[in-house]
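Subject: Structure handover

Hi,

Here is the structure I promised to pass on. Have a look at it first, then read on for what turned up.

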Amino acid sequence: MATQTTKRGGFGGKIAAILAAAGSAIGLGNIWRFPYITSENGGGAFIIIYLGCILLLGLPLLIAEFAVGHNAKSNPIDAFSKIRKGWGWLGAAGLISVTLIMGYYFVISGWTLNYALSSATDSIGGDYGAFFTEFTTATWKPLIYTYIFILANHFIIVGGVQGGIEKASKIMMPLLFVILIVLAVYSLWLPEGREALGSVFTPDFSKVTGKTFLDAMGQAFFTLSIGMGAMLIYGSYFKKGTKLAGTAISVVSLDTLVALTAAIIIFSAGVENESGMQLAFVAMPKVFSAMPAGNIWAMLFFLLLALAALSSTISMHEAVTSYFVEKRGMSRNKSALIVTFIAIALSTVASLSLGDWSEYKVAGMNFFSLLDNFTAIVMLPLLGILTSVFVGWIWRREDMRAELTAEGGIDKSSYPIISFLLRWVCPVLVSIVFAFGIYDFINTL
Ligand code: TRP
């Protein structure tokens, strides 16, 4: 039984709304994933396409997701079904996807914690590649860090929307911005850093292929936490009078600034030839080790990653917790506990699938990569298409317009643009890119 009488939590004000939503957006996607995807796709050319995806697809979808949550003031499943009967499954699909993302995201979050601590005590030495492989394929060590990270999440969520999420965001986000700026200033201050940057940011259009568009769109959706209920549930907690479009623009701007600054920090270290997920964990410690007080810089860098990861994982956890509270009528503590156990179970399998269980494969992938690829290649675009179709075509037009213009703060002259993007541009463009992505993916199997 849904407990409709319980008073829902909410954020205290506009700044809290921006910081919490920016916290969800700014994560491993910005600092760990964006730089290596950029370097694999021709640098500056990729960034131009990525910015196009953020503006034309990401921003309208983020506004749409805030609007659904804010309008219905419910968990993701009830939100869709309140606006249109029979559409609750779309919220459920988002919650399942975000649960799968938690499965591997918590594992990487655990690594950032170990790296921050090991850097502080100067115990990452010798061969950085070997250190990474040995640590990530070990049985217990990565699991323990992952569990510590999940517990930190648990306690923030149990603290409530205002006492937990809002408070944590107000401490973590400013700290994250300060560390980011300190690291960026330091990188730009090194002459070899400035030199390395030029070569990365100069667009190389010869590297642009169909896959570049796919990667750019996938990255735009991932970094803005699109379609998975996290932004929807935060939107449902926005206080009356919080302008949806203004909040979305602030979140998108902060997210983009952090991604670009992270790329500056990483590329100025001259590591553009390293690729893949090892970029942050192998190349960066090597660079830091050659600097004076390198272990302090390394610790700051991994602390930055850990903070970004924590502020994102609480939004994933909250989305699923809200389901158990509102749809199952459970207490917040019990709901959070269930989600914490699901997260522990999935991340245990994901972590072990890199080491002890690496021989178990589905379609040539271990469980960790399976979670990553399935959510990034299939679920993110699919949920993007469905969310835009829902808001643009299924939601009663007058109601949608009223939500976006009155509560949303979109004026009469910009409304047609947003509406056009949601009704036509998002579904069509995302479907095309999605179809190519699936085709490409099947060919690589
Ligand atoms: N946006 C986060 C990042 O860039 C990841 C994230 C948080 C996410 N919540 C999400 C991705 C919900 C998809 C869905 O790291």
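A cavity here is a set of points, on a 1 Å grid over the protein atoms alone, where a 1.4 Å probe fits but cannot get out; a pocket is an open set with protein on both sides within 12 Å along at least five of seven lines, and lining residues have an atom within 4 Å of a point. Grid points are joined across faces, edges and corners, and a volume is the space filled by probe spheres set on the points.

Before the findings, some housekeeping. This is a predicted model, so local features need pLDDT of at least 70 and side-chain atom pairs count only at pLDDT 80 or more, while totals for chains, interfaces and linings use all residues. Residues are numbered from 1 along each chain as its sequence is written, and side-chain values use heavy atoms, with hydrogens and water left out.

**Cavities**

Searching the whole structure gives two cavities of 30 Å³ or more. The largest has a volume of about 170 Å³, and of its 17 lining residues Ser24, Ile101, Phe222, Ser225 and Met316 are the closest to the centre. At least two lining residues each come from H1 (14–25), H5 (88–120), H10 (210–223) and H14; helices are DSSP runs (H or I, at least four residues), numbered from the N terminus. Ten of the lining residues are nonpolar, seven polar and none charged, where Ala, Val, Leu, Ile, Met, Phe, Trp, Tyr, Cys and Pro count as nonpolar, Asp, Glu, Lys and Arg as charged, and the others, Gly among them, as polar.

The second largest cavity is about 60 Å³ in volume. Its lining includes Glu65, Pro76, Phe80 and Thr387, and H5 gives the most to it, with three residues.

**Largest pocket**

This one has a volume of about 630 Å³. It is lined by 24 residues, with Arg33, Asp215, Asp372, Asn373 and Ile377 nearest its centre. Helix H16 (367–394) is among the contributors and supplies the largest share of the lining, seven residues. Six of the lining residues are charged, next to eleven nonpolar and seven polar.

**Core**

Leaving out neighbours within four places in sequence, Tyr234 is in contact (heavy atoms within 4.5 Å) with residues including Phe11, Ser24, Ile165 and Ile314.

**Two loops**

Ser74 sits in the loop between H3 (44–72) and H4. At 2% relative accessibility it counts as buried (under 20% relative accessible area; exposed is over 50%, partly exposed in between, with a 1.4 Å probe and protein chains only). The Ser74 side chain reaches the backbone oxygen of Ala72 at 2.7 Å and makes a polar contact with the side chain of Lys82 at 2.8 Å. For a polar contact, N or O atoms pair within 3.5 Å; within protein, one must be able to donate a hydrogen and the other to accept it, and residues adjacent in sequence count only if both atoms are side-chain atoms.

Lys73, in the loop between H3 and H4, is partly exposed at 38% and has a positive phi, near 50°. Ala363 also has a positive phi, about 50°, and lies in the loop between H15 (332–352) and H16.
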